[in-house]
Amino acid sequence: MAQAQQRKITAPPVNPETQHFWDAAAQGKLLIKKCTACGEVHFYPRNHCPFCFSDQTEWVEASGNATVYTYSVMRRAPVPYAIAYVELAEGPRIMTNIVDCDLDGIKIGQAVRLVFKPSEGGAPVPMFTPV
Amino acid sequence: MSIKGKAYIVGIYEHPTRLATDKTVPQLHAECAKGALEDAGLTKNDIDGYFCAAGDTPGLGALSMIDYLGLKLRHVDSTDTGGSSYLLQVGHVAEAIAAGKCSVALITLAGRPRAEGMATGTAPRMPGVPMPESGFELPYAPATANMYAMCAMRHMYQYGTTSEQLAWVKVAASHHAQHNPHAMLRDVVTVEEVVNSPMIADPLHRLDCCVISDGGSAMIMTTPEIARSLKRPLVKVIGAGEAPKHQMGGKIDLTYSGAVWSGPAAFAEAGVKPADIKYASIYDSFTITVVMQLEDLGFCEKGQGGRFVSDGNLISGVGKLPFNTDGGGLCNNHPSNRGGLTKVLEAVRQLRGEAHPAVQVKNCDLALAHGTGGSLGTRHNAATVIMERE
């Protein structure tokens, strides 16, 4: 069994468009962007809506519930890890890692929930673990 | 305006090296350019258009290479769409020639990731300049192999594709590579050997991945008039299509590529159908790349790519669609981690009747070359080129 171990997590670069996201992450909240003009939610967060190009976008908190859309366990790494795209209950599919589980037991379609993991000298980053 | 028949490929050269410890990248570009000019029967001073990709031309990109080569030009394009750049450039060259912006165009590609010890597929790539998505990706350690692996995993889930089916792509490439004296891997492999090779990123094994090789390629394209004045077989571009695909604001779908758009555009311009194609060069960064692109180009139904490539269907002389008869990126060469130009070169060899006799397709008068550059599924550019022997 390849149990997820501690991997050094690169700190996310922060910029003016994403500062608020990472401030919220430090509070244990996963934010996504919603466009008040067309109503679409999007990820990764941008100032302008990638669907209708309105600049009237606002931050909303995601529930943290998701399902695995796809994943892959990287074996050629000092510590094997599972990269994944999960589909948030709110719709967007986002890149993440599946953690705190048997890496060989991950399945597409399985339910996962939000956890935050510390990064190397930066904000904690949203990851997911099987429910 | 169509580019159909407006530009001809008259010179090609693939560098024989696969490990260029003693050469510089600009030197490799120059050696390839010289080889392509000699093949065409033209000289450096005939060149008035230069096409490359910013990503494998050091320093100031095109400007540094133009300076190094000592070119006098009236048209330059260094659009970078990863490994598909050079397939895209074939279309751009044809447009420039059709519009009278240049008459003899040089395309070059070169690199030495092997000599530099680059862990191309497995080391997370750190961009020199932060990308807008960097904060939402770098912490999760995306590398090339696990990004493509996630496409394969979803394709298997959604369509029932198997590791054995993917392995057939590598098996076919290896059957061709045994006849290429320059190929990096010349041993014929079996499905069992592929699926039993070490797992890199589930579900992709080591032999599902292309080689990491040094080298390069170059090509000369020109007007119909100049092409007819030369002594080489006449190979013309009759259709080209390009299409970027991205993450659609989070509505990510990893099961198809931009070939669903670039393919129909190229086929429509050429006035031909997938069933008409005698030979296809298909970008093979990984085995899944080939399966997905064949589906998206319309060589088989969506989801049936695994079945289509099985049982030697891609092997020249055996199957219905001979592909990558030089051994492709999986066995022959993936110079600079970018296979786009070698794809065009083998298609030209087939159309000229200059492929190795063991893999030469009979009466090969219509060929396709297609590639994906960037990351399959999430951010890439697809480029399709259809060529005809006159």
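Which strands of chain B does helix 1 (residues 25–40) of chain B lie across? Before selecting anything, note that this is a predicted model, in which local features need pLDDT of at least 70 and side-chain atom pairs count only at pLDDT 80 or more, while totals for chains, interfaces and linings use all residues. Residues are numbered from 1 along each chain as its sequence is written, and chains are lettered from A and ligands numbered from 1 in the order in which they are written.

Select helix 1 of chain B: this helix lies across strand 1 (7–14), strand 4 (104–111) and strand 7 (215–222) of chain B, and runs at about 40 degrees to strand 7. Helices (H or I, at least four residues) and strands (E, at least two) are DSSP runs numbered from the N terminus; axes are lines fitted to C-alpha atoms, for helices over the stretch in contact, with angles from 0 to 180 degrees between N-to-C directions; and a contact requires C-beta atoms, placed from the backbone, within 7 Å.

Next, display the open sheet of chain B, whose nine strands take the order 3-2-4-7-1-8-11-10-9 with mixed pairing, where two strands pair if DSSP finds at least two bridges between them. Strand 3 (75–77) and strand 9 (279–282) of chain B stand at the edges, and because each has a single partner strand, one side of each is left without a neighbour in the sheet. From one strand to the next, the twist averages 20 degrees.

Within this sheet, pick strand 8 (residues 235–245) and strand 11 (residues 379–389) of chain B, which pair in the antiparallel sense over 10 bridges; B:Pro244 has B:Asn381 of strand 11 as its bridge partner.

Move on to helix 5 (residues 163–177) of chain B, where 13 of the 15 residues are buried (20 or more other C-beta atoms within 10 Å of their own, C-beta atoms being placed from the backbone), so the helix is largely enclosed by the rest of the structure.

Now turn to chain A, which comes to one helix and eight strands and of whose 131 residues 40% count as buried.

Finally, select the contact between the chains, which takes 35 residues from chain A and 28 residues from chain B. On the side of chain A that touches chain B, strand 4 (65–74), strand 5 (81–88) and strand 6 (93–98) of chain A each supply at least two residues, and the largest share, six residues, comes from strand 4 of chain A.

Terms used
Two residues are in contact if their C-beta atoms, placed from the backbone, lie within 7 Å. A residue is buried if 20 or more other C-beta atoms lie within 10 Å of its own, exposed if 12 or fewer, and partly exposed in between; C-beta atoms are placed from the backbone.
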